[in-house]
Amino acid sequence: MLNSINIQAKTKVIVHFNFGRVGNISYAAVPNEITDTNSGVKIKAIGHPVFYADAPDEKANKGEGSILFNGKNDGFIYSGVLGNLADNLIFEVWVKALTAGQNDQNKINVVASNGNKAEGYRIGQIGNQWVLASGSVATVHIGNVIRDQWTHIAVVCDGVNGSVWLDGMKTADFIRTAAFFPGFSIGCNIDGNDNFKGDIYEIRCSTFDKGDFNPKTDFLVNYKKRIETDKKILSGRKALFNSLEAPGLGKEIVSLLPQILNSNDWLISNIDEPCKLFVQKSQDGLTSLIQLQNGLVSRTFYISDNIACVSYRNLSNGAEYIRAVKPEARIRLDSVWYEVGGLKGQPENSYLLDSWYSQLESNHQAFVLKNVETSMPIERYPWRQKYNALSTPWPAKGLRVVMTYGAQTSMDTVQDIEVKVNYEIYSGIPVITKWVEVINHSEKEIELTEMETEILAINQDQLKRMHVESDYSFALANWDQTGSGILHFNGVPKAYQAGQSTTKWEVDPEYNTWATQNAAEDICLDFPHRNLLISKLPMGPNTIIKSGSPFISYITFELLQDNDDRERKSLGQRRMYKKLAPQVTESLIGASITSDDEKKLKFLIDQMQELGMERLTIDPWPGISYDNTDERYLNHWETIGRYAKERGIIMAGYELQVASKGRGQEVDCIDPETKKPGSLFGQSVCIASNWRDDYYPKMWKFYERSGFMTYSADGPYHGDACASKVHKYHRGLADSQWNQWIQQVDIIHEAQRRGMYVALPDWYFLNGCCCTGMGYREASANLAPEQQLLLGRQYIYDGTWYKLPTMGWMTLQLVGFYSDDPRIGLEPLNKNIKRYEQQLVQYLASGCQLGIRGNRMYDNSETKAMVLKWINWFKRYRDILTSEIIHVSRPTGRDLDCILHVNSSIKHKGMVIVFNPTDREIEKKLRLPLYYTGLKNNVTIIKDEGIPEICELNEKCELFLPVKVPAQGTIWFVLE
């Protein structure tokens, strides 16, 4: 790795120390003084640096070595001046660090210094980064520190310009120091402090005439090897392009990438354009463009010596989201951060020009693109259409693109690591999903400490038009420090307690030219420069990757929206769940009971069968103990389960499973602060302990024996971290959330494989959950029916902004739950039939997952007829009633309010149910926005299944509907 091909160099050496032959026995003391034979400069040792039999590349094979510095008090110092401020300068060193990421993040451990902290240059290490300090002007990052790997670092001052180089590749520019202070040091600062821990083989300072510096000849690197490496890289790139341009699933080879916008609205029209990977045929065999596209969204990549996303466009309005290139991912392996893909050298990060593409270069310490493959989307979890769900393809129709990356030759310690970045795009929806796999092909285990699976530099005018979430989703991961969950914390919560999800919007440190607003304007502007999107875990995964066991990350979902209207944006999000988590459209009319008495249960099941109801939940208390293996217990629930199944009823049973449920000190979560059992919600069990080996097999045995077909667990894994170091399935705090989430997801997936309905009070929708609470406030169960009536519609209004109706459950309480107060329930039912009907209608009209809690559903023929009437009404119009809700106005109790359903793809394009909560009759015209019904010009209206009437719509597709609603009354209309 020495300058073996340096005959063209036009440099003049100032000083040059090669430590390769200062000794021949490892750990032998080096001389107290070493002289450079060319310049006569003598450097004096401080501390006790020793010789070590290791050197770069072939020099080690020739018996050469280096000097080992202990990081405490070792070094060499020279008090004279080396160089002239006016001269051009090359300052370079061959170095190997013995630590990475362990030292003070604010302190430079000096490898070599020419001058001092205020006047001069210091090459050193901060944590896991090589850095240059240019006097007191600036500190620039040179590149990653890779422990135990020889690295060549160079500083070049050419005229007014300064640049830093890593292994012969330029990585950054810097501002030159204003002056030179006398002094030169190796392994420490000029004052003997800030010591470096590691090996130094060679160091050289030289000058050159203006314009005579050539990075291809003038460094102490093995250019012969570099030329051979470049040939291999070139050959690999040509092979990549040949593979890219070969036929493949969903591929289309083109001379130019398409630039067509879509004029149809995907929220009311069926956009069925095929998903494609367009490959622009390379003109030079060295560069190309590829584009993933479905007619609604496109993501374009530029490929040269690596790959970078250069465009992300919404094809409905032509908006461009990308302002700068970034890596496709970042992974931290054994404490070293590596970029995956990406290109460097964009001169300005506030916008991106096509003409800059040719200037972009690969980071030579980044994983580089080796292959691109296409396939069908994966099945993220097992699911088949059931329980009145929407008929839709699963997996969703689309295209998967897998980009495989490998380590470059300079990345010695990760040569056997392969990274796959997966993208999926789907027909008819402007969504792209992304996840990362890390594969270890060596026998040596490697630790994946952290990762960033998405990094996007977004144009700030599009920040609010990008919905990003991941399937790594549960209470503590999603809690925001300004949100409702903050009431549980004292002070500022830890990241693992209020993770604010995997989606992070940060200030881009490379975006330096944005105009700074007056601070007084921030409240109006919402600081739009927080426009770097990073998708990463709040903590971890901190996992060990073994050979043959690839690591697969969580999945990030990215929805591009085309304007700022709240309803439209939320409709897009709801449509995403509908297509990419279709189990959320399952719909079951349910009842619940707080009894395990066989006679009472069979009586209720019989009533449910007569009414056409579909699901029964055993509420607390008693609920269900899924790990109770007593034969009498299992026989009892097997009898009930069989009885219900014969009558078309699926069974569910409540159990407080994980949250707030301690299971014993050996398996409970250990509080990170106290190191004793303790959790945020009282005591929670750690499901990455061996408790899971005992509990879940018993749970599945219960399901198999009982025939219950609902996984209904209160307190699923909600996010408590665990500091235990002895639990079976996690190593400590940093991997405890990841491994507990993995376990909970596996359970949900298994439930779906078994064809079960999944009801959980947490946001696991993208992993198979069907519904959660429409809104959650336990105290509301103690309210009188009159209060629950209007509050119920407020819950529905608020809860359906980001949920389909079927994604939220509501409870109609015929009996009290937390209280026996007779004012809470509706018993006797025949005496409260009006209030019973009002609640039943509003919940069925919303399309939510309704559960009617009581010991009976009716108590006489009149009550039975009323309930049967509305259940039959719901089933007749189920397709529209479970469709999306347009939010006309939030119920206030002072005027009419309504629920407006829309669905442009079925016969009943809309349904509006109007409520009058007041004690007076109200007659007025309602203004209904019908754009999302897909209807134009006119609409056919059918009131209460009466005579159809045709009404005109205005140019905004609004209907002014005259209504007269009696006091405390309800009327409804079908729109066709």
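Strand S49 (residues 938-943) and strand S52 (residues 970-975) pair in the antiparallel sense over three bridges; strands are DSSP runs (E) of at least two residues, helices are DSSP runs (H or I) of at least four residues, and both are numbered from the N terminus. Two strands are taken to pair if DSSP finds at least two bridges between them. Lys943 stands opposite Phe973 in S52. The structure is a predicted model, in which local features need pLDDT of at least 70 and side-chain atom pairs count only at pLDDT 80 or more, while totals for chains, interfaces and linings use all residues. Residues are numbered from 1 along each chain as its sequence is written, and side-chain values use heavy atoms, with hydrogens and water left out.

An open sheet of six strands is found with the order S45-S46-S47-S52-S49-S50 and antiparallel pairing. Its edge strands are S45 and S50 (949-952), each of which pairs on one side only.

Helix H5 (residues 566-580) comprises 15 residues and reaches 21 Å from its first C-alpha to its last, close to the 21 Å expected at 1.5 Å a residue; the expected span is 1.5 Å times one less than the number of residues. Twelve of the 15 residues of H5 are buried, where buried means under 20% relative accessible area, exposed over 50% and partly exposed in between (1.4 Å probe, protein chains only). Among the buried residues are Glu567, Arg568, Met576 and Tyr577. The buried residues of H5 pack against strands S27 (417-426), S28 (431-440), S30 (466-470), S35 (556-560) and S45 (885-886). At the start of H5, a side-chain oxygen of Asp565 reaches to within 3.3 Å of the backbone nitrogen of Glu567.

Strand S44 (residues 849-853) is largely enclosed by the rest of the structure, because five of its five residues are buried. Gln849, Gly851 and Arg853 point one way from S44, and Leu850 and Ile852 point the other way. S44 pairs in the parallel sense with strand S36 (residues 590-593) over three bridges, and Ile852 in S44 is the bridge partner of Ala591. Strand S43 (residues 808-813) also pairs with S44 in the parallel sense, over five bridges; here Arg853 in S44 is the bridge partner of Gln813.

Helices H11 (residues 833-846) and H12 (residues 861-876) pack at an angle of about 10°, with their axes 10 Å apart. H11 and H12 are therefore roughly parallel to each other, a description applied to angles under 35 degrees. Residues of H11 including Tyr836, Leu840 and Leu844 meet residues of H12 including Met866, Trp870 and Phe874.

Conventions
Contact means heavy atoms within 4.5 Å. A polar contact is a pair of N or O atoms within 3.5 Å; within protein, one must be able to donate a hydrogen and the other to accept it, and residues adjacent in sequence count only if both atoms are side-chain atoms. Axes are lines fitted to C-alpha atoms, for helices over the stretch in contact, and angles run from 0 to 180 degrees between N-to-C directions. Angles under 35 degrees count as roughly parallel, over 145 as roughly antiparallel, 65 to 115 as roughly perpendicular and the rest as oblique.
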